[in-house]
Amino acid sequence: MTPEETGKAYDTITHLWTRPEFNQKNGESAYQKALSFIPTAFLKKRDTAPNVVLNEHEANEKDEEQEPGYALDIGCGCTNRFVPVIESAGLIYEGIDVSKNMLAIATSQLPTHTFYCADVCTFGLPRHYSFISAWDSFWHIPLTQQEPLLKKLVNHLNDDGVLLFSCGGTDESGQHTNEAMGPEVYYASLGLRTYIEILMNAGCFVRHIEFDQHPELHTIVIVQKKIL
């Protein structure tokens with residue numbers, strides 16, 4: 001299945017995420033952990049000292065230090081549940097998704113925020129980011145496009161930027177479709193070892209790996225881009 005076909009499938013099941021019983025906390029702790037590795041995530045928290053008089057050079061340095069970074073949420077969906085977590089770290093939120101119906105709900109709730117309706121594999125990312133995430137969405141990327149996309153995302157991270165994604169923590173690569181949610185949906189994994197090799201070769205430190213739903217293979221990966 002193409003990402004566009006996956007988006008159309010998700011257009012038909014938005015109700016699964018808008019139900020009152022949907023767990024709005026799902027993934028929140030992983031985001032908090034990932035954001036804790038970002039130096040810019042602490043800037044607002046440190047900006048609590050009493051006002052002081054700065055000379056021009058010091059003022060310019062302070063402005064540069066406190067310029068907010070950007071965060072990109074891939075497969076952001078319709079709940080906007082990660083927006084407060086990201087914004088509390090002092091980052092400017094942007095979301096991207098291939099489902100028009102998902103984004104219609106998201107933008108109706110946050111009309112002043114930036115959302116892109118596009119396939120992230122082919123979309124020209126407009127900037128570098130301090131934080132990029134893909135929670136329960138990366139496995140919908142076609143198997144052959146996953147490695148190029150990972151390299152693309154790392155290239156669009158700032159130095160010390162952090163990438164968080166969840167994946168199928170399989171030993172080997174593989175792909176399949178199922179209809180567990182209703183429509184046919186595609187899933188793929190390169191295998192956990194391959195993901196880590198790609199990311200390390202692309203210039204990242206591994207900060208955290210967790211099988212958070214053991215014995216299921218749902219896996220959290222957090223890496224940070226090295227300063228070269």
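Is Glu147 buried, exposed or partly exposed? Glu147 is partly exposed, at a relative accessible area of 34%. Buried means under 20%, exposed over 50%, and partly exposed in between, with a 1.4 Å probe and protein chains only.

A word on the source. This is a predicted model, where local features need pLDDT of at least 70, side-chain atom pairs count only at pLDDT 80 or more, and totals for chains, interfaces and linings use all residues. Residues are numbered from 1 along each chain as its sequence is written, and side-chain values use heavy atoms, without hydrogens and water.

Back to Glu147. Its side chain meets that of Lys151 in a salt bridge, 3.1 Å from N to O. The term means a side-chain nitrogen of Lys or Arg within 4 Å of a carboxyl oxygen of Asp or Glu. Both residues lie in helix α8, four residues apart, about one turn of the helix. Helices are DSSP runs of H or I, at least four residues, and strands are runs of E, at least two, numbered from the N terminus. Lys151 is partly exposed, at 40%.

Next, helix α9. Arg193 and Glu197 both lie there, four residues apart. They form a salt bridge, with the closest N and O atoms 3.2 Å apart. Arg193 is exposed at 64%. Glu197 is partly exposed at 38%.

Glu94 sits in strand β2, and Arg127 in the loop between β3 and β4, 33 residues apart. Their salt bridge spans 3.0 Å, N to O. Glu94 is buried, at 2%. Arg127 is partly exposed, at 27%.
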